[in-house]
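I opened the model today and kept notes as I went. The entries follow the order in which I looked things up.

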Amino acid sequence: MIFNSALFDPIHVWLEIDSALQAQSWQQSQPFATDNSRWVAYLNQLSLSTLLPWLQEDEPQTRPSLSAAAFPSIWELTNGTALTLGHHRLVLIPTDAVDIDEIRVPQEWVDIPDWAADYYLAVQVNMDDAWVRVSGFVTHQQLKEQGRYDWRDRTYSLGAEAWVEDLNVLWVSRQLMPEASLRAALQPLPDLPLAQAEQLLQRLGNPALPTPRLEIPFEQWGALLSHGGWRQRLLELRRGLPEQRSVLQWLQTGVSGLVEQLGWGPVEFQPGLASARGEMAESTVAFSRVLAIAGQSYELTIAPIDATGQGWRFELRNLAPGGLIPGGFKLRLLTEDLQPFEGNEDTATTAVEELYIEVAIEPGEGLVWETEPLPDLYDREILRF
């Protein structure tokens with residue numbers, strides 16, 4: 001429900017929070033590791049669920065930048081929710097402050113190249129009166145060029161005098177310049193070696209550390225957080241959960257609810273999966289998930305190709321009847337720390353029925369898959385074998 005904003009002020013957006021949504025969001029926030037992360041998750045879920053339907057009325061293509069299953073690994077560690085509007089990215093920055101005189105954006109949303117946005121919305125969430133207000137927006141360029149950086153909490157802030165309060169200005173500017181970028185130039189983050197990443201995960205995975213984002217230099221933190229697989233592992237460690245993406249564990253006990261949310265599920269082998277190197281494993285179980293790539297549906301399948309548990313086949317197929325994979329598409333595997341290796345990529349030089357990679361994997365080794373073009377809502381994940 002949209003309030004009569006004239007009763008409050010003439011230009012801000014005021015939206016009522018549904019009582020059932022409020023109760024559901026509170027319940028969903030309870031598994032988070034600390035009081036602070038529970039509150040951050042609660043604010044972000046309320047602002048996302050309340051604002052997204054309203055944004056879609058004006059911009060039907062507006063969608064979350066990541067799947068719902070990926071947001072907890074962000075809210076456990078920092079504040080903010082990213083949305084995609086065509087060529088632009090928008091980040092909601094919610095607060096429960098009674099009076100908002102500035103917007104404070106965590107450094108992650110500004111200085112991690114893969115996270116940086118074009119627009120940042122200052123969102124006020126009032127629990128007592130059950131409403132959400134969009135107070136205004138700023139751009140990435142404004143934050144970098146005019147914002148004040150606070151090293152103590154690693155945020156960029158801008159006073160309300162620098163905001164654009166009327167969201168109509170955002171819609172008009174997008175219509176006039178639909179592909180214009182409003183981001184300042186950023187330097188890439190340094191690579192994080194695997195051994196160092198593992199040490200940091202074990203250290204920061206201790207829930208006794210209330211703000212892990214402030215415990216290490218930002219360059220290391222940003223590199224750790226921008227890797228979806230490491231970010232998810234950090235969430236699991238802080239919640240005391242076992243690793244969720246062990247494919248061998250999936251074979252033994254099935255996929256967990258979280259893994260199902262990501263789209264993975266068991267399937268039977270198809271005859272076309274015969275390995276060029278030997279006989280198929282006796283098990284008929286493989287795992288697949290559906291990907292949306294360039295407006296079409298594809299299936300990514302992981303199948304064992306021998307009885308040792310070390311030989312695996314990654315295969316991509318178009319799900320449309322008779323559908324092909326267009327020329328130029330790629331299926332790629334990388335090591336856990338995103339390094340290529342021999343035979344790690346298959347490219348469609350012309351339209352083909354499938355792309356596949358067969359690999360021998362050491363016990364405990366992790367792999368990251370990706371496609372080119374990237375799927376919608378793509379977030380790196382580490383599959384452990």
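**Entry 1: Glycine 229**

Leaving out neighbours within four places in sequence, I found glycine 229 in contact with Arg380, Glu381 and Ile382. I noted that the model is a predicted one. I then looked up where glycine 229 sits, and the place is helix α9, residues 228-239. Is glycine 229 buried or exposed? Its relative accessibility is 7%, so I wrote it down as buried, the cut-off for buried being under 20%. I also checked glycine 366, which is 137 residues away from glycine 229 along the chain. The C-alpha atoms of these two glycines are 9.8 Å apart.

**Entry 2: Threonine 371**

Next I went to threonine 371, which I located in strand β17, residues 366-372. Its relative accessible area is 2%, so threonine 371 is buried. Which residues does threonine 371 touch, not counting those up to four places away in sequence? I listed Leu291, Ile293, Leu316, Lys330 and Leu331. I also looked at the polar part of the side chain of threonine 371: one polar atom there lies 2.7 Å from the backbone oxygen of proline 373.

**Entry 3: Strand β13**

Strand β13 covers residues 311-318. I noted that seven of its eight residues are buried, so I called the strand mostly covered. I looked for its partners and wrote down two pairings. Strand β12, residues 296-304, pairs with β13 in the antiparallel sense over seven bridges. Strand β16, residues 354-360, also pairs with β13 in the antiparallel sense, over seven bridges.

I picked one bridge from each pairing. Proline 304 has tryptophan 312 in β13 as its bridge partner. Glycine 311 has alanine 360 in β16 as its bridge partner.

I then looked at the hairpin of β12 and β13, where six residues lie between the strands. Glycine 309 in this hairpin takes a positive phi near 80°.

**Entry 4: Helix α1**

Helix α1 runs over residues 19-29, and I found Leu21, Gln22, Ser25 and Ser29 buried in it. Why do they lie on the same side of α1? They cover an arc of only 100° around the axis, and that places them on one side of the helix. On the other side of α1 I found Ser19, Ala20 and Gln27 exposed. What do the buried residues of α1 pack against? I traced them to α2, residues 35-58.

**Entry 5: The whole protein**

Last, I stepped back to the whole protein and counted 11 helices and 18 strands. Along its principal axes, the C-alpha trace spans about 70 × 45 × 40 Å. For 385 residues, a compact globule would have a radius of gyration near 21 Å; I found 22 Å for the protein, which agrees.

How much of the protein counts as buried? I have 52% of the 385 residues. The accessible surface comes to about 17,700 Å², and 51% of it belongs to carbon and sulfur atoms. I also looked at contacts between residues at least 6 apart in sequence, and 63% of these join residues at least 24 apart.

Technical notes
Residues numbered from 1 in each chain as written. Heavy atoms only, no water. Helix = DSSP H or I, 4+ residues; strand = E, 2+ residues; numbered from the N terminus. Buried < 20%, exposed > 50% of the residue type's maximum accessible area, 1.4 Å probe, protein only. Polar contact = N/O pair within 3.5 Å; in protein donor to acceptor, adjacent residues only side chain to side chain. Contact = heavy atoms within 4.5 Å. Arc of directions from axis to C-beta. Rg over C-alpha atoms; globule rule 2.2 N^0.38 Å. Areas by Shrake-Rupley, 256 points an atom, 1.4 Å probe, with all protein chains shown as cover. Pairing = 2+ DSSP bridges.
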